[in-house]
Amino acid sequence: MSQLNNPSQWTTGADPPTDKQKGFISTLASSKNVSVDPSSLNKSEASAKINELKTAPTQNPDAEAGQPIQDPDTWSTGDEKATGKQMGYVAVMAKKAGEDVPESMGKTDASKKIEELKGKTGM
């Protein structure tokens, strides 16, 4: 078994969980109607908890996703062309909001547009 597949063997496994891990655990726990304090876990335990929660049945499908962990303006890849998934979200929500669908945009701009359109459409 690869060390990557076994978080308990990670060199940094005993370190505190990352902000991304804590945010993902909180979002997953909310959708599963489970109470988890991600700050009480280390990186290894957080990784195991994420895997556990990902496979657990969803109990609360209306749970809201958490806020982005990082500010899109700080993304090192923010100027790259938006992903297909981002452009798909923008297209669907822009149409629902009665706005023109942009032909292309960067990852940062797409992320900001998605957040703006979420507010307008309630999606």
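**Figure 1. Lys43 in helix H2 of the predicted model.** Helix H2 covers residues 43-55, and Lys43 belongs to this helix. Is Lys43 buried or exposed, and which side chain of opposite charge is nearest? Lys43 is buried, and the nearest such side chain is that of Asp15. The two are 4.4 Å apart. Lys43 has no salt bridge, because a salt bridge requires a side-chain nitrogen within 4 Å of a carboxyl oxygen.

**Figure 2. Surroundings of Lys43.** Neighbours within four places in sequence are left aside here.

**Figure 3. Packing of helix H3 against helix H4.** H3 spans residues 84-96 and H4 spans residues 107-121. Their axes lie 9 Å apart, at an angle of about 35°. The crossing of H3 past H4 is left-handed.

**Figure 4. Residues at the contact of H3 with H4.** H3 contributes Gln86, Tyr89, Val90, Met93, Ala94 and Lys96. From H4 come Lys107, Ala110, Ser111, Lys113, Ile114, Leu117, Lys118 and Thr121. How many of the contact residues are nonpolar, polar and charged? Seven are nonpolar, three polar and four charged.

Figure 5. Among contacts with a separation of 6 or more, 66% join residues 24 or more positions apart.

Technical notes:
Residues numbered from 1 in each chain as written. Predicted model: local features only at pLDDT ≥ 70, side-chain atom pairs only at ≥ 80, totals over all residues. Heavy atoms only, no water. Axes fitted to C-alpha atoms, helices over the stretch in contact; angles between N-to-C directions. Helix = DSSP H or I, 4+ residues; strand = E, 2+ residues; numbered from the N terminus. Left-handed = near helix turned anticlockwise from the far one by under 90°. Contact = heavy atoms within 4.5 Å. Nonpolar A, V, L, I, M, F, W, Y, C, P; charged D, E, K, R; others polar. Buried < 20%, exposed > 50% of the residue type's maximum accessible area, 1.4 Å probe, protein only. Lys, Arg positive; Asp, Glu negative; His and termini not counted.
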